[in-house]
Amino acid sequence: MKKTTTAKVVGAALLTMALAGTTTVYAEEQYTIGIEQFAEHGSLDNCREGFLAGLEEEGIVEGENLTVEYKNAAADMSMVGQISSSFASSNMDLICGIATPSAQSCYNAAMDKGIPVIYTAVTDPEAAELVDDSGNPVGEITGTSDKLPVAEQLEMIRTMLPDAKTIGILYTTSEANSESAIKVYESLAADYGFEIETTGITATADIPLAAEGLLGKVDCLTNLTDNTVVSSLPTILEMANEKNIPVFGSEIEQVKIGCLAAEGLDYIELGKQTGKMAAQVLKGEKKASEIPYETIAESSLYINSAVAENLGIDIPEELSGSAAETFTEIAEGK
């Protein structure tokens, strides 16, 4: 890792030598990292916030012994590659890739440079080829998965909508995470009396037409952690609301801005978990290749009662009583 002597440390060293003459002073180790975030939306923003908080809890603090270069790719794959290459050529101490496309790109750019990569918000690291079929890191890369609690989500939807038959899912065909999550939904749906209807998109521009077609076939929508879809969630919610069709989220931020409910993850906590893993690597306690990827053990239920009222849905007491948080208004989405 890089070691630099800051002016503050130099000043302290000079003062100590002047007063004591015999004291040896060591410069505090400094770190420089890059954070590449695939898109701008609440869950990924929370991952970044949590990541820095996790580092701070381990004594690595931005502005003190940590320099952070942050770049957002705005869901543009060409930008993803440019950012990753830039970070790798800058010889960062570590690169954090937030979401699967960024994690994959950062690793591809950094592997020949020997720069460790820590990822977060990668639903299926094996499908993304970041771990082997035994779950071991494929190189100097590790991180955290935001694998969805699909069974819990389906059970919640069934309780909330006892007469619903078909759940719709919009997804990006190029996202390995989404393909993987849909397979889980399809394998479990019948256990809860549902059929799954999916529509794939390739870009944000496809969403209005795809959503219009899908909404005509389903009783509700459920979101994945699909970055392109989530980035356009306000548009989807507006269209669904016009048809009085509930939309279920995959995490807390989606519920805040208008999804009816979610059995989902706390992305700040996921980010903190990732930051603590990164701290081990930065401090030289472990190599990234020696740390298995991790997941959050438990999900939480989030409900938006304002959305329920707008849709004319009565929230069952068993759900309202077990919710980790209930929002009584709809926040403005990005």
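## Helices and sheets in a predicted model

In this predicted model, M77, V80, G81, S84, S85 and A88 of helix α3 meet P101, S102, S105, C106, A109 and A110 of helix α4, where a contact means heavy atoms within 4.5 Å. By class, this contact of α3 with α4 has 7 nonpolar, 5 polar and no charged residues; Ala, Val, Leu, Ile, Met, Phe, Trp, Tyr, Cys and Pro count as nonpolar, Asp, Glu, Lys and Arg as charged, and the others, Gly among them, as polar. Helices (H or I, at least four residues) and strands (E, at least two) are DSSP runs, numbered from the N terminus.

Residues are numbered from 1 along each chain as its sequence is written. The model is predicted, so that local features need pLDDT of at least 70 and side-chain atom pairs count only at pLDDT 80 or more, while totals for chains, interfaces and linings use all residues, and side-chain values use heavy atoms, with hydrogens and water left out.

The mean pLDDT of the protein is 91, and 91% of its residues reach 70 or more; pLDDT is the predictor's confidence in each residue, from 0 to 100. Over residues 1-19, however, the pLDDT is below 50, and this stretch has 27 contacts in the model beyond near neighbours in sequence. The pLDDT is also below 50 over residues 22-26, a stretch with 5 contacts beyond near neighbours in sequence.

### Pairs of helices

Two packed helices are described by the angle between their axes and the distance between the axes. Axes are lines fitted to C-alpha atoms, for helices over the stretch in contact, and angles run from 0 to 180 degrees between N-to-C directions.

| Helix pair | Axis distance | Angle |
|---|---|---|
| α3 (residues 77-89) and α4 (residues 100-110) | within 8 Å | roughly 40° |
| α7 (residues 207-215) and α9 (residues 233-242) | within 10 Å | roughly 35° |
| α2 (residues 42-57) and α11 (residues 267-282) | 6 Å | about 45° |

α3 passes α4 in a right-handed crossing; a crossing is left-handed if the near helix is turned anticlockwise from the far one by less than a right angle, and right-handed if clockwise.

The crossing of α7 and α9 is right-handed, and the contact is made by I207, P208, A211, E212 and L215 of α7 together with I236, M239 and A240 of α9. The residues of this contact divide into 7 nonpolar, no polar and 1 charged.

α2 likewise passes α11 in a right-handed crossing. The residues that make this contact include N46, F51 and L55 of α2 and Y267, I268 and L282 of α11, and the residues of the contact divide into 10 nonpolar, 7 polar and 4 charged.

### Two open sheets

Strands of a sheet pair through backbone hydrogen bonds, either parallel or antiparallel. In this model, 6 strands form an open sheet in the order β2-β1-β3-β4-β5-β11, with parallel pairing; two strands pair if DSSP finds at least two bridges between them. The edge strands are β2 (66-72) and β11 (294-295), each of which pairs on one side only. Within this sheet, 3 bridges join β4 (residues 117-120) to β5 (residues 141-145), and I118 stands opposite T142 in β5.

Helix α4 packs on the sheet, touching β1, β3, β4 and β5, and its direction makes about 155° with that of β3. Helix α3 lies across β1 (31-37), β2 and β3 (94-98), running at about 175° to β1.

A further 4 strands form an open sheet in the order β7-β6-β8-β9, and here the pairing is parallel. Its edge strands, β7 (195-201) and β9 (247-248), each pair on one side only. Which residue in β8 is the bridge partner of G168? The partner of G168 is L221, and the strands β6 (residues 166-172) and β8 (residues 220-222) pair in the parallel sense over 2 bridges.
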